[in-house]
Amino acid sequence: MTTILFELGTEELPPKSLKTLQDALCEQVKKSLLEQNIAFDGIKSYAAPRRLALQITNISDKQPDRVEQKRGPNLKASFDEHGELTRAGQGFLQGLNATGLNLSKDDLITLSDKKGEYIGYELTIQGKPTSELMPQIFQKALDDLPIAKRMRSGANKEEFVRPVQWVVLMANEQVIDAVILGHRTGNQTRGHRFHAPDFITISHADDYENILSNAKVIADFDRRQAMIVEQVSSLAAQASAQAVMPAELLDEVTALVDLPVALMAGFPERFLAVPQEALISTMQADQKYFCLIDNSGKLKPNFIFISNIDSKDPQAVILGNEKVVRPRLSDAEFFFLQDQKQPLSALAENLKTRIFQEKLGTIWQKCERMATLAAQIASQIGANQDEAKRAAYLSKCDLASTLVGEFPELQGVAGTYYARLNGEPVGVALAIAEQYLPKFSGDKLPATDIGTALALADRIDTLVGIFGIGEIPTGSKDPFSLRRASIGILRILIEKKLPLNLSELIKNAIAAYAEKISDPVRTFDEVSEFINARYRAMYAEQGVAVDTIQAVQAVQVLTPLDFDERIRAVEVFRTMPEASVLAANNKRVANILAKADVAVADTVDETALVHQAEKQLYQAILDAKDAVKPLHQAADYQGVLTALVALAAPLNQFFAEVMVNADDERLKNNRLAILQQVRALFLSVADIGLLQN
C-alpha cells in the first residue's frame, strides 16, 4: 500500500487561523477521497508556522473500476419484425460508437425496469490512478479553505493566505509531478528557519515527521502544544505557581513556533500595584506570555514565554523579553495612576455627554434608570437599597477612565479597583465588576446581593429600551447581545434562587423610561415573549426535553425560579410508569373540553354522579386536592405530580366505562365538570398532555 505526502510551504501563516486551516484542509481532502471512492486507512495532518501538510496512509493505488449502464429506446421500438435495428436503435448504437467504442447490435443487452424493457449497454469504466487524481484533490481543497482574504506574491497569479514557497507531493519515495498554486511539486522541504534553513530531501513519504524533527521542526500541532503545556507547567511548578493558559492563547503560541522552548522571566514588583487584570491582559495580548499566579489567584512578578529557538545563551533571550515587557507594564501603570488623580464619581460628568443609544439618551441617564431599578430589586432580596443606588451611579464611570480606554476588556474591573481606593463600601465596589456577570454561557454569577441587583437592572434596562424603540433582534443580528442578556437574567434568578416576578421587573423598567417608550404595552409583551423564548435554548443545553419545556411554558409561569422547579418536577414525573398514560389521558381531557359546546361548570353536582367509575374518579379528585394543597404552598411540584399519579387508575376506568357526551345534558355537563377539575389539578404544575413520550 502507498503513503501520500502533501506539504505546502509558505511564509509565516496567520497564527490565529493555523489550526482552523489545518482541520479544514484535512476535512476537504477526506471528503474528496470519499467522493472519488479512493480507499485509505487514515489521514494525519500537520501544521507549523511555515507549512500545512497531510500524510495519507495505506491509500489504494487506483479507483475501483465501475460499471455504467447506458439505456436506449424501448425494446419494441428498437427492432423491426426481422430482428434488425430500427432507426431509433441504430441512433443509439451510433451514439455509443461515437465515444470511441466499436460495437455491433450483438453487443447490446436488454435492460428492464417497472416501465418496460429497453436496449442498452454496460460500459466498464476503468478507475483512474490515485497519483493522477491527487493534484486536483489537493488544489480543490486549498481553493476551498476558509480564508477571508487571499494574497498574491509578485507576478504570480495564484492566491493564498500567504506567499507559497514550495510544494511537496509524493507517493512513497516517488514525486507526483504536478503544479499546485503555481509551484512545481517536488520532494524537498525546509527545516527550522534559523537552525536548519536549507532545503532537505525527503527520501520517503513515511519519513516526513522524523526528517522535520531532526531539522528542529515539530510539525505535529498537537504534539507541539503538548510540549508547550509540559514545559510551562514544569517551570511554573518550580516557581510554586500556576500558569494562566487560556485555550486561545495556547493555540496562538503553538502556531507561532516550530521548536518550543519555554523560558521564565520576571518584571519589577512595583507593577503588582496595578490591577493584575491589566497586566495579564497586556502580557497575553501584546507579548503572548503565560502569566503566573499563586494559589490564591494573585499575580506573581514572573511570566513564561515560548522561544522559537534553542539559544546557546538563554539568559540573553530572557533579558530581551524583560526589556520589551517593561514599557508595556509602565503604560498600564501610568494609566492607572492617571485615573487616580480624581475620584471615580468625578468621571460621571463625562457620561452625561456619552450616548448609550441615540433614541434612549446618555449613559448617565441609563445609570439613573439602573439606580431606580436596582434599589427596587435590592428591597426584594434583602440588600441595602442605598448601596444599590450608589453602585448604579458609579457602575459605568470607569468607561471614561484612561485605563479602560486602553484596555476595554477591563470595564467594571477598573471601576471596582477605583471604588475601593476611594473608600466606597465593599458591596458597592464589588458590584461594579459583578454587573457584567455572567459574561458568557457557563460563566460565574454575581456573588454579592448588590452585584446581583445591578446585573439584573443593567440587563433589563437594556432589553426594555431596545425593544421599546423597535430594535428587535432578527436572525443572527443582535448588536446589543439581548439573547445573552436574557439568559443571564434567567440564570441569575434561577441559580441564585430569587423568587422575583419577571413581569414586575419588566414593568418597573418600562416605567423608568417614561415617555421614551411610546407603546409600553407592546414593549412589555415583546420583552416578556423574548425572555420566555430563551428558556428553550437554556434548558435544551442542559439536556431537558423540548416537550417538557413546552409543558411548563403552557401554564404562563411568571417567576423564573418557579419555572425551573416545575421543569425539574416534570422531568422526574415523566420517568414514572404511569406518566405516559396520564399524559395521553390529559391530552384526551384537553381535547374533550376544547370541543365542549357548553360553558363547563367549575363545580361538580354530586347528585348527578350515577356511574361507579365517575364516583370513584370524583372521590380521587377530592383526595388529590387535599393532598396537593400543602405541597403547592411549599412549591413542591414534584410532590404534587407524584400525588396526582393516584388519578391514573380511576381516570383510566372512567374513560373505559363512562360516556362523557351522554344524551342526558345534566350528566354530560357534570362529567365535563369532573374532567375540568382533573385538568385544573395538572395545570397547576404543567400541561402534561403536551408530553410526547
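Phe-290 has Ile-304 of β18 as its bridge partner, and this pair belongs to the antiparallel pairing of strand β17 (residues 290-293) with strand β18 (residues 299-307), which extends over 3 bridges. Two strands are said to pair if DSSP finds at least two bridges between them, while the strands (E, at least two residues) and helices (H or I, at least four) are themselves DSSP runs, numbered from the N terminus. This is a predicted model, in which local features need pLDDT of at least 70 and side-chain atom pairs count only at pLDDT 80 or more, whereas totals for chains, interfaces and linings use all residues. Residues are numbered from 1 along each chain as its sequence is written, and side-chain values use heavy atoms, with hydrogens and water left out.

β17 and β18 are part of an open sheet of 4 strands, which is antiparallel in its pairing and has the order β15-β17-β18-β16. Its edge strands, β15 (242-243) and β16 (261-266), each pair on one side only.

Strand β1 (residues 2-10) runs antiparallel to β3 and is joined to it by 7 bridges, with Leu-8 standing opposite Leu-52 in β3. Strand β2 (residues 42-48) also pairs with β3 in the antiparallel sense, over 7 bridges, and here Lys-44 stands opposite Gln-55. β2 and β3 form a hairpin, with 2 residues between them.
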